[in-house]
Amino acid sequence: MLFDRICVLLLGLILLAHGCFGFYLPGSYMHTYSTETELPFSYYSLPYCKPPEDIKKSAENLGELLMGDQIDNSPYRFRMNVNETVYLCTTKGLTEQEVKLLKQRTRDLYQVNMILDNLPAMRYANQNGVKIQWTGFPVGYTPPGSNEDYIINHLKFKVLVHEYEGSGIEIISTGEDGMGMISENAKKKAYGFEIVGFEVIPCSVKYDPEKMTKLHIYDKIDPVNCPSDIEKSQIIREQERVSFTYEVEFVKSSIRWPSRWDAYLKMEGAQVHWFSILNSLMVIFFLAGIVFVIFLRTVRRDLTSYEELDKEAQVQMNEELSGWKLVVGDVFREPENSKILCVMVGDGVQILGMAVVTIVFAALGFMSPASRGMLLTGMILLYLFLGIASGYVGARLWTTIKGTSEGWRSVSWSVACFFPGIVFIILTALNFLLRGSKSTGAIPISLYFVLLSLWFCISVPLTLLGGFLGTKAEPLQLPVRTNQIPREIPARKYPSWFLVLGAGTLPFGTLFIELFFMLSSIWLGRFYYVFGFLLVVLVLLIIVCAEVSLVLTYMHLCVEDWRWWWKAFFASGSVSLYVFLYSIHYLVFDLQSLSGPVSALLYLGYSLIMSVAIMLSTGTVGFLTSFYFVHYLFSSVKID
């Protein structure tokens, strides 16, 4: 069908129709990545054909820049419902450096990510009789038992389109998010096509360079069959001239526009994934319910038997019995490094709030996979604006512990700088490694200034404002007075920290299955879509962290150990230790193909950031639960 005036967006590059049948479609951005090195590189760092116009980069959001997604326009041309086989270009003789780079990218299993109308190119492959789905196509391949490498220089595109009819509408343009702009046209009944799928079959074909150089870009050629004979494939060798071609086939599909992402979000083994998650939820709910019931009965029995006695009997009971009632004069004694505790709890509130809000919005469908980088961008903005909550909690906890608001400014500044400082140090170290590798994943200096400006202009003022509000809020009155002389803690057969570190295994049991799928989506280039399950797991994790910390705090008080503050924090926060150890396990056993020390350090650096964030958020849940429990417990007993 012909449209009189149609313009489409090629991720920042505008292509206009040239009076031919059909119209040009949104093209593609080219981006190379590898699950072996995890270092992204620019598509045009390899000797590929360049577009007739200059290479143009599309506008990228903050998340895309941080992930190293460099978006470039491509030379591939698509015209609606026009099936054609097209010549692109022939390179000059490959130089030694180009051959070395192509071989290295091939051996490292680099993939080219390509997008048409915001849909990634999908490739299907059969491995051991199982149909596997990939996004993108490889730079090249190495046949089994061969030392030679072959470049992918011919692409077979299959574009799935859905034909629709509508009364009084006309598509006049389509944008990056696939939202068509429409105009009223009551004079005629309009129809058109929607792109609902994009598949690619990569081939390596050896052409005669003398014959191919006589052609011009976009000249039509005869259809090409992917050769099964290795002798007819294009080898990567010095002075070899590589010709690039492609063909496009449009196929009508019954898939509708709202369902076009279903093929990408469909994961192999989904039933196993669902069963594992549900099984984990059932086990943890059952175990947590038992612990919670036993705990409530024990505390209620202690409180009931204690309050039914008269005052003289209570005094006698205090002299005869041991347990949590004997630490009444020390239970709210200021802990060691109280300032650091306030800072970590404040940062934990900020990280936990960011995680909860982000996952809720993602579960409700606001974080579409079509919006690249928006998930990370949203998380950063939420973290910045939740600085007011972290400052408030940190300053109020400081006021409660100290009994005065003096020093709240120092606490608020520390809250604003603690976690961002850790992230900044790790990212800076990793950035030097990425720059040394000339990867597009390296953060530009300009982006550093943008991030610092956002932090200093948004997060810091809001954190200080939250701290000020925390000091002005009504202070939390402690139910008992603290003795001047600390009570001696009875000797124990084993260090109490063993129990604290071991307690992290229960929260980890709720998390590790989902953690596997999250790590796979991050490091193996897969789509993560089960945000509903992730929300359930997050809620369950919060409940279990609260219960575990609460039980351990009660156990420590029962053995007259009044130093519960830090132990309550790390009882649930120790789950981060197991997360980091599991990340190392995943690196060793599931990312065996990861090559090079730079890649391993990159993985471990990001895993360390994730583990610190989990420690602060889960530790905060456990500490605040234990604090309010201890406050309620000693408020329920009248003590003279």
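Val 575 sits in helix α16, residues 575–589. Helices here are DSSP runs of H or I with at least four residues, strands are runs of E with at least two, and both are numbered from the N terminus. This is a predicted model, where local features need pLDDT of at least 70, side-chain atom pairs count only at pLDDT 80 or more, and totals for chains, interfaces and linings use all residues. Residues are numbered from 1 along each chain as its sequence is written, and side-chain values use heavy atoms, with hydrogens and water left out.

Is Val 575 buried or exposed? Val 575 is buried, at a relative accessible area of 0%. Buried means under 20% relative accessible area, exposed means over 50%, and partly exposed lies in between, with a 1.4 Å probe and protein chains only. Leaving aside neighbours within four places in sequence, Val 575 is in contact with Gly 504, Pro 507, Phe 508, Ile 614 and Thr 618; contact means heavy atoms within 4.5 Å. Between Val 575 and Gly 509 there are 9.3 Å in space, C-alpha to C-alpha, and 66 residues in sequence.

Next, helix α9, residues 387–402. At 1.5 Å a residue, its 16 residues should span 22 Å, and the end C-alpha atoms are 22 Å apart, which agrees. The expected span is 1.5 Å times one less than the number of residues. The buried residues of α9 include Trp 398, Leu 397 and Ile 401. Among the elements covering the buried residues of α9 are α7 (338–363), α10 (408–436) and α11 (445–472). Just after α9, Gly 403 has a positive phi of about 80°.

Two of those covering helices, α10 and α11, pack at an angle of about 160° with their axes 8 Å apart. Axes are lines fitted to C-alpha atoms, for helices over the stretch in contact, and angles run from 0 to 180 degrees between N-to-C directions. α10 and α11 are therefore roughly antiparallel to each other, a term for angles over 145 degrees.

The axes of α7 and α14 (residues 531–558) come within 8 Å and cross at roughly 150°. These two helices are therefore roughly antiparallel as well. Residues making the contact include Leu 352 and Ile 359 of α7, and Phe 531 and Leu 538 of α14.

Last, strand β5, residues 84–90. In β5, 7 of the 7 residues are buried, so the strand is largely enclosed by the rest of the structure. β5 runs antiparallel to strand β15 (residues 243–252), joined by 6 bridges. Thr 90 has Ser 243 of β15 as its bridge partner.

Notes: Two strands pair if DSSP finds at least two bridges between them. Angles under 35 degrees count as roughly parallel, over 145 as roughly antiparallel, 65 to 115 as roughly perpendicular and the rest as oblique.
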